[in-house]
Amino acid sequence: MSRRRKIEIKASELACFDTLVEALRSRPEFADFDPASLRVWAYESYEQELKNADKAIRHFDWKTR
């Protein structure tokens, strides 16, 4: 089953940061926001890997003895 991983970066790390802040400040709801708090999120789909399954199975087998 596909899962989603959230990737977050600070907007200040982007080349377009100044343009983004300027565009947001032109909107009334962002008139006095703190630009340092601005973040960008993206979601990446990935398939979860099963690692060390044989070790986990042996551990459970040992516990049930």
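Start by selecting W41: leaving out residues up to four places away in sequence, W41 touches K6, I7 and E8, where contact means heavy atoms within 4.5 Å. Before you go on, note that this is a predicted model, in which local features need pLDDT of at least 70, side-chain atom pairs count only at pLDDT 80 or more, and totals for chains, interfaces and linings use all residues. Residues are numbered from 1 along each chain as its sequence is written, and side-chain values use heavy atoms, with hydrogens and water left out.

**Stop 1: around W41**

Helices (H or I, at least four residues) and strands (E, at least two) are DSSP runs, numbered from the N terminus. How exposed is W41? With a relative accessible area of 45%, W41 is partly exposed; buried means under 20%, exposed over 50%, and partly exposed in between (1.4 Å probe, protein chains only). Now draw a C-alpha to C-alpha distance from W41 to R27: the two are 14 residues apart in sequence and 21 Å apart in space.

**Stop 2: E47, also in β2**

Stay in strand β2 and pick E47. At 54% relative accessibility, E47 counts as exposed. From E47 to S12 there are 35 residues in sequence and 30 Å in space, C-alpha to C-alpha.

**Stop 3: helix α2**

Next, select residues 53-63, helix α2, and find A53 there. A53 is partly exposed, with a relative accessible area of 28%. Its C-alpha atom is separated by 19 Å from that of S2, although A53 and S2 are 51 residues apart along the chain.

**Stop 4: helix α1 and R25**

Move to residues 17-25, helix α1, where you will find R25. R25 counts as partly exposed, at 42% relative accessibility. Show its surroundings: not counting residues up to four places away in sequence, R25 touches F30, A31, F33 and P35. For a view along the chain, draw a line from R25 to N52, which lie 27 residues apart in sequence and 51 Å apart in space, C-alpha to C-alpha.

**Stop 5: the nonpolar core**

Which residues make up the largest nonpolar core? Select A11, F17, V21, L24, F33 and L38, six residues in all. A nonpolar core here is a set of buried Ala, Val, Leu, Ile, Met, Phe, Trp, Tyr and Cys residues joined through side-chain atoms within 4.5 Å. Then centre on F17: leaving aside neighbours within four places in sequence, F17 is in contact with A11, S12, P35 and L38.

**Last stop: zoom out**

Switch to a cartoon of the whole protein chain, and you can trace two helices and two strands in the pattern β-α-β-α along the sequence. The C-alpha atoms fill a box of roughly 65 × 20 × 20 Å, taken along the principal axes. The radius of gyration of the protein chain is 22 Å, whereas a compact globule of 65 residues would have one near 11 Å; the radius is taken over C-alpha atoms, and the globule rule is 2.2 Å times the number of residues to the power 0.38.

Of the 65 residues, 11% count as buried. Among contacts in the protein chain with a separation of 6 or more, residues 24 or more positions apart account for 71%.
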